[in-house]
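Reader: I would like to go through this model with you and ask what stands behind each label. Could you show it to me?

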Amino acid sequence: MKVFGERLKELREQQRLSQRAMASVLGIAQPSYIRYERDGEPCLETLVKIAQFFDVSTDYLLGLDDY
């Protein structure tokens with residue numbers, strides 16, 4: 001899921017948020033969040049939270065859509 005991690009990091013940086021801040025927003029531990037940006041896969045619930053927070057589709061996050 002390399003595309004997911006890249007897009008997640010890009011969105012976070014656009015909002016000028018730290019990894020710690022994003023972990024807090026999502027209600028997860030910071031190491032878990034860091035893993036998502038590297039190569040991890042979030043559970044469905046977390047994926048939806050991320051999409052809602054950044055106002056993007058889950059398809060965009062997963063690399064299935066470019067918009």
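Reader: What follows α2, and what is its phi?

Author: Gly27 comes after α2, and its phi is positive, near 75 degrees. Before we go on, please keep in mind that this is a predicted model, in which local features need pLDDT of at least 70, side-chain atom pairs count only at pLDDT 80 or more, and totals for chains, interfaces and linings use all residues. Residues are numbered from 1 along each chain as its sequence is written, and side-chain values use heavy atoms, with hydrogens and water left out.

Reader: What makes the phi of Arg16 worth a remark?

Author: Arg16 is not a glycine, yet its phi is positive, about 55 degrees. Most residues other than glycine have a negative phi. Arg16 sits in the loop between α1 and α2. Asp55, in the loop between α4 and α5, is another residue other than glycine with a positive phi, near 55 degrees.

Reader: Why are Arg16 and Asp55 called exposed?

Author: Exposed means over 50% relative accessible area, buried means under 20%, and partly exposed is in between (1.4 Å probe, protein chains only). Arg16 has 78% and Asp55 has 70%, so both count as exposed.

Reader: And why is Arg12 called buried?

Author: Its relative accessibility is 8%, and the limit is under 20%, so Arg12 counts as buried. Arg12 is found in helix α1. Setting aside residues up to four places away in sequence, Arg12 touches Leu17, Ser18, Gln19, Met22, Tyr33, Glu37 and Phe54, where contact means heavy atoms within 4.5 Å.

Reader: What makes the pair Arg12 and Glu37 a polar contact?

Author: The two side chains come to 2.5 Å. A polar contact is a pair of N or O atoms within 3.5 Å; within protein, one must be able to donate a hydrogen and the other to accept it, and residues adjacent in sequence count only if both atoms are side-chain atoms. The pair of Arg12 and Glu37 is therefore listed as a polar contact.

Reader: Why does Arg7 count as buried?

Author: Arg7, also in helix α1, has a relative accessible area of 14%, so Arg7 is buried. Not counting residues up to four places away in sequence, Arg7 touches Tyr60, Leu61, Gly63, Asp65 and Asp66.

Reader: How do you know that the buried residues of α2 are on the same side?

Author: The residues in question are Met22, Ala23 and Leu26. They cover an arc of only 100 degrees around the axis, which puts them on the same side of α2; the arc is that of the directions from the helix axis to the C-beta atoms. On the other side, Arg20 and Ser24 are exposed. The cover over the buried residues of α2 includes α1, α3 and α4.

Reader: What makes the buried residues of α3 line one face?

Author: Those residues are Ser32, Tyr33, Tyr36 and Glu37. Seen down the axis of α3, they fall within an arc of 140 degrees, so they line one face of the helix. An α-helix has 3.6 residues a turn, so residues three or four places apart point the same way. The face of α3 turned away from that side carries exposed Pro31 and Arg38, while the buried residues pack against α1, α2 and α4.

Reader: Which residues touch the most other members of the largest nonpolar core?

Author: Phe4, Leu8, Tyr33, Ile50, Phe54 and Leu61 do, within a core of 14 residues. α1, α2, α3, α4 and α5 each supply at least two residues of this core, and α4 gives the largest share, 4 residues. A nonpolar core is a set of buried Ala, Val, Leu, Ile, Met, Phe, Trp, Tyr and Cys residues joined through side-chain atoms within 4.5 Å.

Reader: Why is Gly40 called buried?

Author: Gly40 has a relative accessible area of 9%, so Gly40 is buried. Gly40 lies in the loop between α3 and α4.
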